[in-house]
Amino acid sequence: MKRSKTERSIRLGIISFLIATLLWLYIAEKEEFGATSDSRTIELKYYNVPDNYNYNGPGQVEVKVWGTLNISDDNIIAYVDLNGLGPGSYELPVHMNPIPGALFNRVIPDKVNVTLLTLLQRELPIEIKLTNIIENNYIIDKVSFPNNCLLQGEEQIINSIVSINASVSPRPEKSLNQFDVKLQAIDKDGAAVNGNYRIIPDHANIYVSMTPVLIEKDLEVQVVTTASESTDQIVKSIICDPSNVKVLGTEEELEKLGAFILTKKVDLGDFNEDGNIFSTIVELDVAQSIKAYPAKVWVTIELERAKGSM
């Protein structure tokens, strides 16, 4: 009989303690008796992620804390433990580290859905793309350090990547261009790939050397003459030897020349007016970047007096 009364007293004591605890939580939540409650949105951490796996799951949870108001977010840690799990989907509990200064805490939700995905790795070469140059107009050497990069991410995304591009805009006037470039993953349609993956390393040092492609062209020589207004002589004939020369330059430069190459000006006033035929060596008038062969021509000019002059 005594034993039965003792057991009954123990049960009543336990029930009373539980009721008191629940009542205290209710009062604390109502911010009575000096206790306060506070809700925080906290980053949800994921511990013990297996090697070569990635996870999809919520990034934040709400944590309700009862206690003092000066608790820092840095002291509130909510986490999911992925230790020992393989690929698949799971409903996992959210754990909390003890919070200094807190009497009680509650995390919402207390369970989250997490998916573990196998990571795929591929190695691809780095392709250097020139964005402002017509490559056929130059002899170009392109070097990347490193030459290759490693892709790591979800299988579907990694398999959609067809190239890793380093896009640069070299300056043609510089013989050597150097760049530090962020690498970009490209799909089969030429678009940038978005999603959960990594490029290792994500930057590359790019070196581009450029030499213009030169073409050769035969051009007729035109002799340019000048004379003072007081002279009474006019040009009767001009013979140029050779009459055509070879020029070497870029396609753009030679297009500007057209069908002729001009000489530097020949001043007829520099010659003896007693003679009507004279010869001289004249330089061709071309830019330094254009090479002419020969660079000088032999010019013979026949003069005659203008009609009506004495």
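**Note on strand pairing and salt bridges**

1. In this predicted model, three strands make up an open sheet whose order is E18-E24-E22, and the pairing within it is antiparallel. The edges are taken by strand E18 (233–241) and strand E22 (277–283), each of which pairs on one side only. On average, and with direction ignored, neighbouring strands of this sheet are turned by 30° against each other.

2. Within that sheet, the contact between E22 and strand E24 (residues 296–305) is antiparallel and runs over seven bridges.

3. A second open sheet is built from four strands in the order E20-E16-E19-E23, and here the pairing is mixed. Strand E20 (260–262) and strand E23 (291–293) are the edge strands, each pairing on one side only. Neighbouring strands of this sheet are turned by 45° against each other on average, again with direction ignored. Strand E19 (residues 244–249) and E23 run antiparallel and are joined by three bridges, and Leu248 has Lys291 in E23 as its bridge partner.

4. With strand E2 (residues 53–56) it pairs over four bridges in the antiparallel sense, and Tyr55 stands opposite Leu116 in E8. Strand E5 (residues 88–93) likewise pairs with E8 in the antiparallel sense, over six bridges, with Asn113 in E8 as the bridge partner of Glu91.

5. Strand E10 (residues 148–154) pairs with E8 in the antiparallel sense over seven bridges, and Pro125 stands opposite Asn148 in E10. Strand E11 (residues 163–168), by contrast, pairs with E8 in the parallel sense over five bridges, where Ile126 stands opposite Ile164 in E11. As background to both kinds of contact, strands of a sheet pair through backbone hydrogen bonds, either parallel or antiparallel.

6. Turning to charged side chains, the count comes to nine salt bridges, taking a side-chain nitrogen of Lys or Arg within 4 Å of a carboxyl oxygen of Asp or Glu as the rule. One of them joins Lys45 and Glu43, with an N to O distance of 3.7 Å; Lys45 is partly exposed, its relative accessible area being 30%.

7. Another salt bridge links Asp202 with Lys182, and the closest N and O atoms of this pair are 4.0 Å apart. Asp202 lies in the loop between strand E14 (197–200) and strand E15 (203–212), whereas Lys182 lies in strand E12 (residues 176–182), so the pair ties together parts that are 20 residues apart in sequence. How accessible is Lys182? Lys182 is exposed, with a relative accessible area of 55%, because the cut-off for exposed is over 50%, while Asp202 is partly exposed at 36%.

Notes
Residues numbered from 1 in each chain as written. Predicted model: local features only at pLDDT ≥ 70, side-chain atom pairs only at ≥ 80, totals over all residues. Heavy atoms only, no water. Pairing = 2+ DSSP bridges. Helix = DSSP H or I, 4+ residues; strand = E, 2+ residues; numbered from the N terminus. Axes fitted to C-alpha atoms, helices over the stretch in contact; angles between N-to-C directions. Buried < 20%, exposed > 50% of the residue type's maximum accessible area, 1.4 Å probe, protein only.
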